[in-house]
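Welcome! Take a look at the sequence and the model below, and then we will walk through them together.

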Amino acid sequence: MKGLVFDIKKFALHDGEGLRTTVFFKGCPLRCKWCQNPEGLDLKQRLWYFPNRCLHCNECIASCPRGALSEQSGHYHVKIDHVKCDLCGVCTEVCPTNALTFDSTYYSVEELVEEVVKDKIFYDVSGGGVTASGGDPVFQHKFVTQFLARCKAEGLHTTLESAMYTSREIIDALLPVVDNFIVDLKVFEEDDHIKWVGKSNRLIKENIEYLIGKGVNLLIRVPLIPGYTASQKNLAQIGQYIRSFGKDIPIELLNHNHFAHDKYEKMGIEYPVKNPSMQYSEEEMANFYTFLWEG
Ligand code: SF4
Ligand code: SF4
């Protein structure tokens with residue numbers, strides 16, 4: 001079995017306790033309008049072109065056995081026909097500057113464990129470990145469950161970051177191999193959730209309640225997206241909901257990622273957030289936390 005990974009971030013500080021290696025798995029069951037990792041949505045490899053690295057040598061165009069590459073004028077010198085491209089990889093091998101490269105890599109469980117275990121010393125001194133993120137790691141749950149089980153066998157602390165839009169069976173398989181759950185609850189109102197995330201949030205809430213009932217280590221996360229999640233009403237509703245369990249469950253607010261729109265440009269998709277470069281100030285973040293805890 002192979003897992004498809006689109007990024008491995010070493011020395012991550014914000015994906016759980018201590019220094020961590022965060023593995024970003026491809027595939028997600030949700031479609032948030034503001035997705036911060038759009039390259040992680042689909043469970044398939046995609047060929048990427050970086051015009052800034054391109055020498056305009058046309059070696060790739062000559063090498064492609066499917067005629068999927070062509071020359072065009074302007075900054076984007078090479079045009080990819082994704083319908084014709086069968087991901088054979090020939091162009092990525094001939095390109096002298098890695099201007100053509102795949103957006104993700106297939107790993108076996110052992111290859112991925114070998115990669116993350118290299119930094120065990122840093123996890124040990126900082127109280128860190130490995131975080132499975134995405135996309136949403138539940139989309140490749142069989143591989144992720146095996147990978148986290150192997151990490152635990154190596155003595156690594158494990159965290160799963162997910163929206164938990166998944167079945168009870170999959171959660172039950174993950175419970176023994178996950179030390180900490182980080183669950184994203186983005187939008188409280190079901191209608192807004194359907195409109196902005198593409199699915200009802202009932203299953204997500206039921207699974208949060210299931211995890212609370214199981215007594216797991218749980219952190220709720222809310223990404224602050226201008227015009228969508230970052231409203232007093234949404235944060236007050238989420239705060240009241242989580243407090244209603246009376247368990248002192250922590251909630252973390254994530255400031256808007258003002259780099260996300262770059263990825264949309266690279267992929268040729270429009271970023272729907274009106275203020276793409278916006279980052280909230282410390283004062284604004286403090287206000288959002290007040291909405292969360294005081295309504
Ligand atoms: S991956 Fe293969 S088929 Fe696709 S563009 Fe490159 S050479 Fe052509
Ligand atoms: S082989 Fe690489 S550098 Fe040369 S034209 Fe193609 S993408 Fe550009």
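## Strands side by side

Let's begin with strand 1 (residues 2–12), which pairs with strand 7 (residues 105–108) in the antiparallel sense over four bridges. Two strands count as paired if DSSP finds at least two bridges between them. Across this pairing, Lys 2 stands opposite Ser 108 in strand 7.

Strand 1 also runs antiparallel to strand 2 (residues 20–25), and five bridges join the two. Here Lys 9 of the chain faces Thr 22 in strand 2. In a regular strand, side chains alternate between the two faces of the sheet.

## Reading the model

This is a predicted model, in which local features need pLDDT of at least 70 and side-chain atom pairs count only at pLDDT 80 or more, while totals for chains, interfaces and linings use all residues. Residues are numbered from 1 along each chain as its sequence is written, and chains are lettered from A and ligands numbered from 1 in the order in which they are written.

## The whole chain

The chain has 11 helices and 12 strands; these are DSSP runs numbered from the N terminus, with at least four residues of H or I for a helix and at least two of E for a strand. The radius of gyration is 21 Å, close to the 19 Å that the globule rule gives for 295 residues, so the chain is as compact as a globular protein of that length. That radius is taken over C-alpha atoms, and the rule is 2.2 Å times the number of residues to the power 0.38. Along its principal axes, the C-alpha trace spans about 65 × 45 × 35 Å.

How much of the chain is buried? Buried residues make up 35% of the 295, where buried means that 20 or more other C-beta atoms lie within 10 Å of the residue's own, exposed means 12 or fewer, and partly exposed is in between, with C-beta atoms placed from the backbone.

## Two domains

The domain assignment, which is automatic or from a database, gives domain 1 (2–43 + 105–294) and domain 2 (47–102). Taken over C-alpha atoms, their centres are separated by 33 Å.

## A residue in helix 11

Asn 287 is found in helix 11 (residues 282–294). The C-alpha atoms of Asn 287 and His 14 are separated by 21 Å, and the two residues are 273 residues apart along the chain.
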